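Please keep the sequence and the 3D view open while you work through them.

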Amino acid sequence: MAAARKPVPVAEAPSRGRYFNSGNGPSIVPIDIGHKEYMGLIDPDTAFWSLVKKDRLADTLTDARFISAYKKKSEKFADEMHMLRFGLKPTAVYFNSTEQCNLNCTYCYIPGDMRKNGRHMTEKELLAALAKLKTHFRKTMPKGRLPQIIFHGAEPMLNRKAVFRGIEKYRDDFQFGIQTNATLLDDEAIAFLTARDVSIGLSLDGHTAAIADKTRTNWTGKGVFEKVEETIDKLKGYHGFSVICTITSENMRHLSSMVDYLHARHVPTCLLNIVRCTLPPSLAVKPDDTPSARHFLKALDRSRELYKKTGRKLVVANYANILISILAPTARRLMCDISPCGGGRAFFALAPNGDLFPCSEFVGLARFNGGNLFKDGVDAVLESEAFKMVTERKVEDIKACGKCAIRHFCGSPCPAEAHETNGGMKATGSFCEFYEEQTRHALRAIADGKDNDYLWDGWDKGTRTTFDTHML
Ligand code: SF4
Ligand code: SF4
């Protein structure tokens, strides 16, 4: 039997039952992970997992030592999972310092009129917002840990002066990041941001202009591929740099080439994020679930091939997070692939007028406005009905997901698209197979001992193994 390594979850009190799957015994569901030798065994309630050789499945499920060892640990796993899902406070803010954007990307979640005619936050407002957030996080965060502020959409560089002023003034109080379309990042801006260790995320959807410019153009329809490429080259060697590629019907067939392209340009980290279908325009480029999953997995395999060939990694961060959620749940980043998702509980989003939303995906949707940073306390906003609609959306309550064995590695994202386009919070998001196949791929990678090839070096510093079936 292969081992379940590192801390693994659970949600219920330890059972007194003597057998798996009957009476009061815990449930362990065998799942096909597409491996020639191994099956997965998962407790769907707790996300405890193990890998077992197919010809040892019956022996494992009836192995009294396995049941007993699992039961001993289950209470700890339950507490850990409960804490991850319900016990944490936000540590990051997606800070929208302007409503405007100089681009008009096909799938943007911010309403077009807002991006065209919206307002900037003034420098005074931006500094006041950072002061308020500093006071809030001082109360809630452990000493020695800095909260994160990520300047985010629309295009933060349109409000450059105020943003840079905020970074300068509060550089000791926050860990800053900026997510930008790269078109306005000149040499001076790059020097300013890199000297202050600000993490920089750029957006690019393809390895050629013909592909990338299908979804990312300015308001006159002109693509921006060349400009982004130029910026990527200028950032070569900067450790805090990543590229987000949004997977759509326009680029999904080219994801492996995109991986080649980014690796050749020494990008250390990328995110291959499936498009969020929150607003109708994104539906026009929604990829089909099955082929997008297939192309995504091919791109993952390509990233590993390149690592093996060159000794240099391009980490696909969204997949790496799924791997980490399996290997060491408490080390995972709480974003989309946990339920409730990170929106409103691990982070929240601030709009330029001070309004607060659980996630940037909800900015512009009035019913998800939980209050205003300048008028209401953050604590009250976190408890608002608008936030609770998101923070109380649990995967167990979603009919299609309630019986899914891997629901705690997926989380059934995204509540914004479930609510806006699929009929409500109890609906699934727009993709299932994409998330299912990621988890199966991750379990295969673990079975083959390839998991570290997909992860940042030293990712597991500070983690420890709490359950290892090799020891039975
Ligand atoms: S699942 Fe959707 S709402 Fe939740 S964090 Fe991800 S993008 Fe935001
Ligand atoms: S969306 Fe699919 S993979 Fe995710 S929890 Fe629901 S059924 Fe499972």
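**Exercise 1.** How many bridges join strand 4 to strand 11 (residues 347-350)?

*Solution.* Start with the ground rules: this is a predicted model, in which local features need pLDDT of at least 70 and side-chain atom pairs count only at pLDDT 80 or more, while totals for chains, interfaces and linings use all residues. Residues are numbered from 1 along each chain as its sequence is written, and chains are lettered from A and ligands numbered from 1 in the order in which they are written. Strands (E, at least two residues) and helices (H or I, at least four residues) are DSSP runs, numbered from the N terminus, and two strands pair if DSSP finds at least two bridges between them.

Now go to the pair: four bridges join strand 4 to strand 11, and the two run parallel. Within it, Phe95 has Leu350 as its bridge partner. Next, look at strand 5 (residues 148-151), which pairs with strand 4 in the parallel sense over four bridges; here Val93 stands opposite Ile149.

**Exercise 2.** Which way do the residues of strand 4 (residues 92-95) point, and are they buried or exposed?

*Solution.* First the cut-offs: a residue is buried if 20 or more other C-beta atoms, placed from the backbone, lie within 10 Å of its own, exposed if 12 or fewer, and partly exposed in between. Ala92 and Tyr94 point one way, Val93 and Phe95 the other way, and all are buried.

**Exercise 3.** What span should helix 17 have at 1.5 Å a residue?

*Solution.* The expected span is 1.5 Å times one less than the number of residues. For the 15 residues of helix 17 that gives 21 Å, and the end C-alpha atoms are 21 Å apart, which agrees. Among the buried ones are Phe434, Arg440 and Ala447. After helix 17 comes Gly449, with a positive phi near 65°.
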